[in-house]
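Let's take a friendly walk through this structure, one piece at a time. Have a look at it first, and then read on.

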Amino acid sequence: MRPNVSSRSSLPLLPAGLLRAQRGLKRVVVGLNFSLPSEFALARALRLPLAQGAALSVLHVSPPLDGHHGPDGTLAGERCLRRAVTSACRRLRQRPDVDVREELRTGDAPRVAAELVKEQGAEVLVVGRPSMKYPAESLPDACMVMRLVREVDTSVLVVVPHPVRVYHRPLVAVSFSRESRRALELTLRLCPSSTPVEVLHVADTCEEEAALRQRHAPLEDWLRLRQEREGAARIALGRFLAPYRETGRELGIRVRTGAPQEGILAESLERDSDLLTLGMSSAPPGPALIQRVLGHSRCDVLISRHVAPSAVLPDGEPPSRSVPND
């Protein structure tokens with residue numbers, strides 16, 4: 001029998017008065033250190049759906065006393081940044097309403113980026129990931145990308161391959177929390193309205209499977225466990241997605257069991273996703289899942305995060321409603 005799905009308990013957490021179909025980002029910051037991965041990040045930022053009158057800030061942070069003014073013949077950071085911004089303006093010549101800004105600063109890059117994001121009320125920080133190592137391994141906790149994810153109080157888009165088109169095979173990993181809702185809603189804004197969005201929930205059965213393994217349970221018990229957890233997850237995911245389907249968006253339900261890290265990466269690889277989205281609460285997260293996904297993913301990864309309720313945008317405009325994580 002088909003379950004009775006109700007959407008009233010799962011309304012989207014969009015700002016009051018805005019349509020659910022709203023798309024376009026108002027404030028975006030791109031981190032640029034003139035490496036190839038950061039060039040990919042800038043190219044991706046130029047392909048994001050920017051709203052009317054949006055601001056795109058290109059940020060380069062030089063460490064103190066880095067010697068770029070010395071007599072070694074290298075170009076100064078401001079000249080490289082000006083060249084990158086000029087190229088970005090040329091790419092956006094059909095969008096004269098978009099304000100492309102140069103941000104040349106000195107200091108510790110994650111701290112400076114966090115300050116700039118807070119000043120401008122940026123919705124997304126776009127950065128490149130260093131080249132993937134083989135065999136792949138989790139990103140170190142002290143690396144630049146992980147520091148940005150941890151210290152910058154906004155969503156971080158980590159760009160991996162060279163972008164050739166807008167996102168058309170996104171995958172959103174959800175846990176039924178409010179942060180998962182925000183991650184899904186941000187992904188819907190980044191993708192064309194005609195793009196199908198796959199939504200994945202991985203039912204964590206590691207503890208139950210360990211118990212079955214310890215008592216040498218028969219195969220029937222393993223199958224029963226997976227069927228029960230998958231069935232419950234499909235019903236819960238259907239209720240979770242009901243409000244968004246009412247808007248006409250095409251959303252696919254994907255359910256796996258086992259370890260969340262392995263399930264998310266396996267699903268992304270099997271579906272050849274070009275964007276993988278994870279929701280993160282405003283509290284400091286356990287880094288294991290994010291480190292592993294960022295280190296092993298072959299596609300862009302969006303770590304969705306939103307400002308605390310007490311934060312206020314620079315122009316006095318209140319941020320989108322933020323509710324504590326479930």
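**Starting from a strand**

In strand β5, Ser 155, Leu 157 and Val 159 point one way while Val 156 and Val 158 point the other way, and all are buried. Here buried means under 20% relative accessible area, with exposed over 50% and partly exposed in between, using a 1.4 Å probe and protein chains only. Five of the five residues of β5 are buried, so the strand is largely enclosed by the rest of the structure. Helices (H or I, at least four residues) and strands (E, at least two) are DSSP runs, numbered from the N terminus.

Before going further, please keep in mind that this is a predicted model, in which local features need pLDDT of at least 70, side-chain atom pairs count only at pLDDT 80 or more, and totals for chains, interfaces and linings use all residues. Residues are numbered from 1 along each chain as its sequence is written, and side-chain values use heavy atoms, with hydrogens and water left out.

Now for the strands beside β5. Two strands pair if DSSP finds at least two bridges between them. β4 and β5 run parallel and are joined by five bridges; Leu 125 has Val 156 in β5 as its bridge partner. With β10, strand β5 runs antiparallel, and three bridges join the two. There, Leu 157 is partnered by Leu 302 in β10.

β4, α4 and β5 together make a right-handed β-α-β unit. Right-handed means that, with the strands pointing away from the viewer, the path from the first strand over the helix to the second runs clockwise.

Helix α4 holds Met 146, which counts as buried because its relative accessibility is 3%. What does Met 146 touch, not counting residues up to four places away in sequence? The answer is Leu 139, Pro 140, Asp 141, Pro 287, Ile 290, Gln 291 and Leu 294, where contact means heavy atoms within 4.5 Å.

Ile 290, Gln 291 and Leu 294 bring us to helix α9 (residues 287-296), where they are among the buried residues. The buried residues of α9 pack against α4, β5, α8, β9 and β10. From the side of α8, the buried residues are Gly 263, Ile 264, Leu 265, Glu 267 and Ser 268, and they pack against β6, β7, β8, β9 and α9. Just after α8, Asp 272 takes a positive phi of about 55°.

Helix α1 (residues 36-45) also meets β5. Eight of its 10 residues are buried, so α1 is largely enclosed by the rest of the structure. Phe 40 and Leu 42 are among these buried residues, which pack against β1, β2, α2, β4, β5 and β10.

**A pair of helices**

Two packed helices are described by the angle between their axes and the distance between the axes. For α6 (residues 206-214) and α7 (residues 219-245), the angle is about 170° and the axes are 11 Å apart. The axes are lines fitted to C-alpha atoms, for helices over the stretch in contact, and angles run from 0 to 180 degrees between N-to-C directions. Angles under 35 degrees count as roughly parallel, over 145 as roughly antiparallel, 65 to 115 as roughly perpendicular and the rest as oblique; α6 and α7 are therefore roughly antiparallel to each other.

Finally, Thr 205 lies in the loop between β7 and α6. Thr 205 counts as buried because its relative accessibility is 0%.
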